[in-house]
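Here is a short briefing on one protein model. Keep the structure in view while reading.

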Amino acid sequence: MTIKNKLRTGIGFLFVLALTCCGLSVYFLNRLSADAGAILKDNYKTLQYTQNMQDAIDANDKPLSPKQIAVIDNNLKLQQHNVTEKGEQELTDSLTLVYTQIKQHNNNITEQLPLRSHARRLIYSIMHLNMDAISRKNAIAADTASRANVLVAVSAFLLFTIAFTFAVNFPGYIADPLKELTARIKEVSNRNYHQQIDFHSDDEFGELGQAFNNMTRKLDEYENSNLASILFEKKRIETIINTMHDAIIGLDEKQFIIFANEVACNLIGMTTEQLTGRYAPDIALENDLLRNLLINEQPRLKIFADNRESFYSRDSLSVSSKSKVIGKVIILKNITEYQQLDEAKTNFIATISHELKTPISSIKMSLKLLEDDRIGNVNTEQRQLLENIDDDARRLLQITGELLDMAQVETGKLQLNFGSTHPRNIVDYAVKAIKFTADQKQVNIKVKCDDTLPEVHADLDKTTWVLINLLSNAIKYSHEKSVVELTVKKHKNDEIEFSVKDHGKGIEEQYLSRLFERYFKVPNATADQTGTGLGLAIAKDFIEAQSGHIMVDSEIGAGSRFAFTLKRAV
């Protein structure tokens, strides 16, 4: 039987119980009504008729008046049609006969008096007979009412008990399987697939239980097969990680160590068993390397390993699932060989640059001597060649100077001579140094530097070099007869900002983030605009070494604005 039919049966059963209770009540009410009606109809009316006749006879001692006769005739006739008790018919017939005689001797009061007395006795007998019947029928009605109360109370109690039992148990028949199914589903959601439901019924719950059992069996089979596959993949990944030459450490979202390959274990100085499953910050309390890996975000680390100093690059990769970070992987790549090569390259550049400065300076000195008329006159073609040689020598000297500055930065040998000076001094020196170049291109340098500005704490030479470099670039990328704006103002965080703005063609946004990279050159630049690609990179190193910041804003067709900040002198 289906659940729908069972619900129909249960509701129908409750309806039958209610109908039975109502039927019993109606039956006994009808019994009581019938008994009361019998008393009213059969006996009470007879008492009323006989009372009316007696009142008419006893009205006076004179002959009966027409009115009295009419009352007696009417009530006697009604009584003759309302005979209900045993012996009442004989008494009614006798009363009729006596009343007939009374009417015959109505004019003779003497003969009429005994007849009236006889009539009164007959009327009293009829009244007594009906009163006895009323008493008897009242007892029957009372007995019926008593039995009705008992039967209705017993029936109501039985029906209420049955209905209450049904109301308590029947919802459980529906709710209990659902409750058990909910609990089993919660267990399944917790990956506990060993769940079975045993519904002993042939309805939809039975089918649901079978379907649920089949589902959990399939899930359990899939889990077991999938677990074996996952374990195999896990073993393979662990093998790959352990064969890598980079140190790899995996952390979950709560910073518990999930795995660490052999290289990482050797660097940290602990075994895999000592690391796996432990809370990383607890280990970091006693392990300097792990503490640096968790706290510091430095891209490069110097680690003493294998009895020598080694250099490592640090990468941190976040592991996400559905936009939620569930872990992190730290990778240490050994870059000692590359570091040594980079240092050798830097030293080589520094040495070559230093060695080149002497012959280049000699060339420039020789050029000056050749230009002196005391040495001898030169024709126009020879003077043009001397000017070209002078330009090339100046350019070579600039390149070697930039290479030397870059080498100082990379080797950490950059020496800064800090002092306090007014921004006007830096501006004046830079403008004076670049004025000849600006005049050649007819570029006007518009300076805005308030004398009330506070002094800055900076290396005068390095800062001037940066400003000259920015001005030189602005002039280089400006149109002829244009304006370059040099502005010095107090920055919002109490720093002093130097900015250089040109009105050239501007720089595309995609190149802005790379302008301060070494050797980067903006594409599509003309031959006279290209340089070594080191100037802005060195400028950035000089400014950041003084705890300042350098920035750029540019828009195609509107020019570029380069700016840097310096600390205010205390």
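A disulfide is a pair of cysteine sulfur atoms within 2.5 Å. By that criterion, the structure holds zero disulfides. The model is predicted.

**Cysteines**
- Cys 265 has a relative accessible area of 6%. That value makes Cys 265 buried, because the cut-off is under 20%.
- Cys 449 is buried too, at 8% relative accessibility.

**The open sheet**
- Five strands make up an open sheet with mixed pairing. Their order is S7-S9-S10-S12-S11.
- From one strand to the next, the twist averages 15°.
- S7 and S9 run parallel and are joined by six bridges. Here Ile 445 stands opposite Val 484 in S9.
- S9 (residues 483-490) pairs with S10 (residues 496-501) in the antiparallel sense, also over six bridges.
- Two facing pairs can be picked out between S9 and S10. Val 488 is opposite Phe 498, and Lys 490 is opposite Ile 496.
- S9 and S10 form a hairpin, with five residues between the strands. In the turn, Asp 494 has a positive phi of about 70°.
- Strands of a sheet pair through backbone hydrogen bonds, in either the parallel or the antiparallel sense.

**Nonpolar cores**
- The largest nonpolar core has 41 residues. Leu 467, Leu 471, Phe 498, Leu 515 and Phe 564 have the most contacts inside it.
- A second core is separate and has 23 residues. Its members include Ile 249, Cys 265, Ala 280 and Ile 330.
- Which residues does Leu 471 contact, leaving aside neighbours within four places in sequence? They are Ala 430, Val 431, Ile 434, Ile 445, Val 484, Leu 486 and Val 500.
- Ile 445 and Val 484, both in that list, are the pair that face each other between S7 and S9.
- In soluble globular proteins, nonpolar side chains tend to be buried together.

**Helix H13**
- H13 covers residues 460-476. The helix lies across S7, S9, S10 and S12 (559-566).
- H13 runs at about 175° to S12.
- H13 also packs against H15 at an angle of about 145°. The two axes are 10 Å apart.
- The H13–H15 crossing is left-handed.
- On the H13 side, the residues that meet H15 are Lys 462, Trp 465, Val 466, Asn 469, Leu 470 and Asn 473.
- On the H15 side, they are Gly 535, Leu 536, Ile 538, Ala 539, Phe 542 and Ile 543.

**Helix H15**
- H15 (residues 535-545) is mostly covered, with eight of its 11 residues buried.
- The buried residues are Gly 535, Leu 536, Ala 537, Ile 538, Ala 539, Asp 541, Phe 542 and Ile 543.
- Is Asp 541 buried or exposed? With a relative accessible area of 19%, Asp 541 is buried, because the limit is under 20%.
- The C-alpha atoms of Asp 541 and Phe 516 are separated by 9.3 Å. The two residues are 25 residues apart along the chain.
- Just after H15, Ser 547 takes a positive phi of about 65°.

Conventions. Residues numbered from 1 in each chain as written. Predicted model: local features only at pLDDT ≥ 70, side-chain atom pairs only at ≥ 80, totals over all residues. Heavy atoms only, no water. Buried < 20%, exposed > 50% of the residue type's maximum accessible area, 1.4 Å probe, protein only. Pairing = 2+ DSSP bridges. Helix = DSSP H or I, 4+ residues; strand = E, 2+ residues; numbered from the N terminus. Axes fitted to C-alpha atoms, helices over the stretch in contact; angles between N-to-C directions. Contact = heavy atoms within 4.5 Å. Core = buried A, V, L, I, M, F, W, Y, C linked by side-chain atoms within 4.5 Å. Left-handed = near helix turned anticlockwise from the far one by under 90°.
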